Each structure stands twice: as C-alpha cells, then as structure tokens.
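The model comes first, and my notes follow.

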Amino acid sequence: MKSMKKTFNYSFAITVGLVFTMFSCDDPNSPGVEYMPDMYRSPAIEVYVDYEFPDSSTARLTPEHAIPRGYKPYPYPNSTEGFELAGENLSNPLHLTEKTIKEGKALYNSFCAHCHGKKGKGKGSIQNAIYGAVPSYSDTLPNRRGNRSMKELKEGHIYQAIMYGLNAMGPHSSLIRERDRWKIVAYVQTLQGKDPLDMQQDKMQETKEENEDSNEEVAKLN
Ligand code: HEC
C-alpha cells in the first residue's frame with residue numbers, strides 16, 4: 001500500500017514537471033517544441049527561397065533528357081530520314097475493329113476533311129490558294145517524299161505526317177491523342193483504297209508463322 005502511494009507521488013511529480021516544461025516558455029511568440037520539423041520546413045527545394053545557388057536562381061532547370069510525367073517521347077525526327085524510318089518501323093498498335101475505323105472516320109472528319117475532303121480526294125471545304133495542292137490519298141503517281149505515291153504511304157508515313165505535318169499542313173501532334181492518331185491512320189488507309197482490318201489480320205498471321213518457324217528451328221537445335 002505504501003509503495004503504491006509512493007509510485008503515485010512520483011508519477012504525479014513527473015507529470016507536473018512535464019506540463020511545466022511544455023508551458024513554461026519565456027518567449028510568448030515561440031512555437032514551442034517542434035514535433036517533426038520537416039512538416040513545417042519542407043526539405044524539398046521551394047521557389048522564391050534563396051538557397052544561394054551560384055546563379056541566384058531557385059527555379060532550377062530540369063536535368064538534361066528529363067521526360068515529363070505521362071509524356072511519351074517520339075523518336076522519329078521531322079526529316080526525310082525520320083519519315084522513312086517511321087514508315088519502315090511503325091505499325092498500328094491498336095487492335096483494329098469496325099468500331100475503330102468508325103471512330104477514325106469521325107476524327108478524320110473533324111481534323112482533316114476540311115482540307116483533304118470527306119473522301120480524301122483533296123477537295124476539302126477550305127478554299128485557299130495555299131491549300132489548293134492537297135493531294136488525294138488514292139493518288140498513284142510516285143512523286144512524293146521517297147518517290148512514292150500517296151496510295152503507297154504506309155501507316156507509319158501517315159502517322160508521321162499527322163505528327164509533324166508537311167508544308168501547308170500543320171503539325172497535329174498536340175491536337176490529337178496518340179490512340180486517336182492511329183484511328184485516323186486506319187481510316188486514311190480505307191481512303192487509300194486499302195482494308196486495314198484485313199492487313200492487320202495478314203500481319204498477325206505472318207508473325208504467327210514466323211514465330212512457328214523460329215520455334216521449329218530452336219526445337220531442331222535442342
Ligand atoms: C490545313 C489543311 C490540312 C489539314 C487540316 C490536314 N492536311 Fe494533310 N496535307 C495538306 C497538304 C496541303 C498536304 C500536301 C503537303 C505537300 O506535299 O506539300 C498534305 C499532305 C498530307 C499527307 C502526305 C504527307 C507526305 O508525306 O506526303 C498525309 C498522309 C496527310 N496530309 C494526312 C493528313 C491527316 C491524317 C490529317 C488530319 C489529322 C491532315 N492531313 C490534315 C493539308 C492539310
């Protein structure tokens with residue numbers, strides 16, 4: 001009984017002592033003891049705080065080759081070489097269906113038809129001398145970049161044309177999302193007189209056969 005009383009006295013004394021240390025600050029403006037100071041003073045660099053960088057600027061430039069979050073770099077430059085490489089390497093990543101083509105048509109009508117015409121014959125509603133030379137997608141004369149005709153343009157070429165434009169045609173990369181660009185590409189292929197659904201099926205079949213062949217070769221090695 002006696003020892004219990006003693007313990008109680010001690011803990012009472014400690015509590016009173018603690019309360020005193022917490023409240024017995026001389027300076028009325030002091031915020032007191034800071035619990036987790038990082039919450040008040042962020043360790044991250046903030047703008048408009050002088051951290052004494054040699055150039056005295058706190059708004060630092062991003063490191064070289066930094067990529068904004070959510071941004072997908074496009075590796076093909078706006079040049080003839082870039083155009084050729086895009087034509088060779090790029091293929092439509094979407095699984096094409098009738099619905100994709102229909103959506104491509106709606107997008108085409110919003111973004112391209114006023115110059116290229118609803119049927120892609122180059123007779124859009126915009127009447128201006130500089131747009132007078134809009135080529136038809138089904139044109140078979142090989143007089144374009146890489147000495148090809150409009151009809152011969154592959155999906156990667158069309159995609160590159162949407163990205164950067166060409167002469168009187170402005171770039172559309174900032175206006176149209178990646179997957180919508182590919183929907184438009186598929187629709188433009190129909191205006192070239194091609195069947196993108198069939199072409200994708202053929203390509204899948206080819207890849208399947210190539211895989212089977214290489215599997216057979218690997219099997220022979222073992
Ligand atoms: C302001 C009018 C205009 C708009 C809008 C426009 N184009 Fe064009 N486009 C042109 C002209 C003009 C050319 C021919 C450029 C040249 O050969 O000098 C062209 C060329 C092209 C070519 C051929 C490029 C090459 O390398 O030969 C493709 C493919 C094409 N456009 C697709 C599109 C698609 C798809 C859209 C919609 C996303 C579109 N264009 C929107 C005017 C336009």
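This is a predicted model: local features need pLDDT of at least 70, side-chain atom pairs count only at pLDDT 80 or more; totals for chains, interfaces and linings use all residues.

Entry on the ligand. With that sorting, I found that the shell around the ligand divides into 16 nonpolar, 4 polar and 2 charged residues. Of the 22 residues there, I listed Cys 112, Cys 115, Ala 161, Asn 167 and Met 169 as those that come nearest. The elements giving two or more residues to this shell are α4 (113-116), α5 (155-164) and α6 (178-191), and α5 supplies the largest share, with 4 residues.

Entry on α2. I looked up which residues of helix α2 (residues 80-89) are buried, and these are Phe 83, Ala 86 and Gly 87. They lie on the same side of α2 because they cover an arc of only 100 degrees around the axis. On the other side of α2, I found Glu 81, Glu 88 and Asn 89 exposed, while α5 is included in what covers the buried residues of α2.

Entry on α3 and α6. The axes of helix α3 (residues 98-111) and α6 come within 7 Å and cross at roughly 95 degrees, and I therefore recorded the two helices, α3 and α6, as roughly perpendicular to each other. The residues of their contact divide into 8 nonpolar, 3 polar and 4 charged; among them are Ile 101, Leu 107 and Phe 111 in α3, and Ile 184, Tyr 187 and Val 188 in α6.

Technical notes
Residues are numbered from 1 along each chain as its sequence is written. A residue is near a molecule or strand if its C-beta atom, placed from the backbone, lies within 6 Å of it. Ala, Val, Leu, Ile, Met, Phe, Trp, Tyr, Cys and Pro count as nonpolar, Asp, Glu, Lys and Arg as charged, and the others, Gly among them, as polar. A residue is buried if 20 or more other C-beta atoms lie within 10 Å of its own, exposed if 12 or fewer, and partly exposed in between; C-beta atoms are placed from the backbone. The arc is that of the directions from the helix axis to the C-beta atoms. Two residues are in contact if their C-beta atoms, placed from the backbone, lie within 7 Å. Axes are lines fitted to C-alpha atoms, for helices over the stretch in contact, and angles run from 0 to 180 degrees between N-to-C directions. Angles under 35 degrees count as roughly parallel, over 145 as roughly antiparallel, 65 to 115 as roughly perpendicular and the rest as oblique.
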